[in-house]
Amino acid sequence: IMYILMVNIHGLVRSENVEFGRDADTGGQTRYVIDLASELSKESSVERVELVTRLIRDKRVSTAYSQNEEAINSKAGIVRLPCGGGKYLHKEKLWPHLEEFTDNLIKYLRSGRRHPDVVHGHYADGGYVAMRIAETFGIPLIFTAHSLGRNKLSFLESSGWSEDKADSVFSIRTRIDAEEEVLSRSDLVIASTNYEKEQLYGAYRRKNDPSYSVIPPGIDLEVFFPYYHYEVPGNVISEETKQAHMRVLNELRRFHFEPDK
């Protein structure tokens, strides 16, 4: 059975009370990787899922991010490793520190009882580190970009930015170079849509090197559900029954009128 390693370096990663919208680095990707780790761990073929991220010791953020390890469930957990000091840094400032993170991750993995069977890197920075881990341990590399540097550069240029300005603010050249290298060495790339696969990854020189799988993100039906669920009693009624019920109610409302006062 498999030991899956996931790498998601930037942002503020914790299993509960995700700080959505705190900044550009803490949003849907954070929720995605946590939920992915949790769901993968439910598979009988999976022994362990570890999501590795950056250890942060900074008074400006919660002490939760300074904990070396955090359980997601009995088979999945978050592991935090240091790099670039303790202060919270935006992702564009992390590039000079990725080799340090990689070295610390290799040390961590070599101290364990077994090496991962596969590594899955998220975003360009996580993909770069995951690539180094795949090379070191001879394991398959999976990559999910979440967003891509060439597309961002194109948008910025259409908004009047020069490439030099984009690079000074977002380290865009370093990011694109890393994405090209990761694509050249990936065994599998996970895309959310065919458009992402064909148009966004399609802008890269190494677009044809990896295999692709299009897997649309799921939805948590405990959080997102049709409004009329509040109007239908019971928790075990099927979706079809609920919809039928609401159609009947809507038809009946056609015959309801308020008498003249």
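Guide: Contact here means that heavy atoms lie within 4.5 Å, and the packing described below rests on that cut-off. The model is a predicted one.

The buried residues of helix 2 are Leu98, Phe101, Thr102, Asn104, Leu105, Ile106 and Leu109. They pack against strand 1 (2-7), strand 2 (46-54), strand 4 (76-81) and helix 3.

The largest nonpolar core has 44 residues, and Leu105 is listed with Val7, Val119, Val129 and Ile133 as having the most contacts inside it. Helix 3 (residues 123-137) supplies the largest share of this core, 9 residues. Apart from this core lies another, of 15 residues, including Met6, Val18, Val33 and Ile142. In soluble globular proteins, nonpolar side chains tend to be buried together.

Neighbours within four places in sequence aside, Val119 is in contact with Leu5, Val7, Ala130, Ile133, Ala134, Ile139, Pro140, Leu141 and Ile142.

As for the setting, the chain contains 8 helices and 8 strands, and 43% of its 261 residues count as buried. Among contacts between residues at least 6 apart in sequence, 65% join residues at least 24 apart.

Key: Residues are numbered from 1 along each chain as its sequence is written. This is a predicted model: local features need pLDDT of at least 70, side-chain atom pairs count only at pLDDT 80 or more; totals for chains, interfaces and linings use all residues. Side-chain values use heavy atoms; hydrogens and water are left out. A nonpolar core is a set of buried Ala, Val, Leu, Ile, Met, Phe, Trp, Tyr and Cys residues joined through side-chain atoms within 4.5 Å. Buried means under 20% relative accessible area, exposed over 50%, partly exposed in between (1.4 Å probe, protein chains only). Helices (H or I, at least four residues) and strands (E, at least two) are DSSP runs, numbered from the N terminus.
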